[in-house]
Amino acid sequence: MDFLDEIVLTGLTVFGRHGVYTREREEGQEFTIDLRLRLSLEQAAASDEVGDTVHYGELAEKVAAVVAGEPVNLIETLAERIADVALADARVQNVSVTVHKPHAPIALSFSDVSVTVHRSRSSDALEDITV
């Protein structure tokens, strides 16, 4: 296969309690998640059955549970956990996850802070990919 198709989910906004500072964990804040899954959609297109593709509604629920779940210090860690959720579906060959933290504790005017990780399936583990 020379190319992979994509499923893209952008702007999933979920309340979480992630951050290094106590205040961030106590008060919490909204995080916004963008996902780009790369996989073959040929079988789903041919069958027209949701069971032959990644159900993006179910994926959104799983990702929301991670964001709303156990707090982590870094959004890098949060992005990695979300990538693991996406790659749990064997059809997904690689994923890009961006975690936006627009209310990060920065004492200057800014519109967003984000971290993006790119992960790919390997024989036994996840590895960085070049995009």
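This tour visits salt bridges in a predicted model. Local features need pLDDT of at least 70, side-chain atom pairs count only at pLDDT 80 or more, and totals for chains, interfaces and linings use all residues. Residues are numbered from 1 along each chain as its sequence is written, and side-chain values use heavy atoms, with hydrogens and water left out.

The structure holds six salt bridges. In each, a side-chain nitrogen of Lys or Arg lies within 4 Å of a carboxyl oxygen of Asp or Glu.

**Stop one.** Select E6 and R38. They form a salt bridge, with the closest N and O atoms 3.5 Å apart. E6 is in strand β1 (residues 5-16) and R38 in strand β2 (residues 29-39), so this pair ties together parts 32 residues apart in sequence. Strands here are DSSP E runs of at least two residues, and helices are H or I runs of at least four, numbered from the N terminus.

Is R38 buried or exposed? R38 is buried, at 14% relative accessible area. E6 is partly exposed, at 37%. Buried means under 20% relative accessible area, exposed over 50%, and partly exposed in between (1.4 Å probe, protein chains only).

**Stop two.** Select E24 and K101. Their side chains meet in a salt bridge at 2.6 Å, N to O. E24 lies in helix α1 (residues 22-27) and K101 in the loop between β3 (94-100) and β4 (114-121), so the pair links parts 77 residues apart in sequence. Both E24 and K101 are buried.

**Stop three.** Select D89 and R91. Their salt bridge has its closest N and O atoms 2.7 Å apart. D89 is partly exposed at 21% relative accessibility. R91 is partly exposed too, at 33%.

**Last stop.** Salt bridges with shared partners join E6, R36 and R38 into one network.
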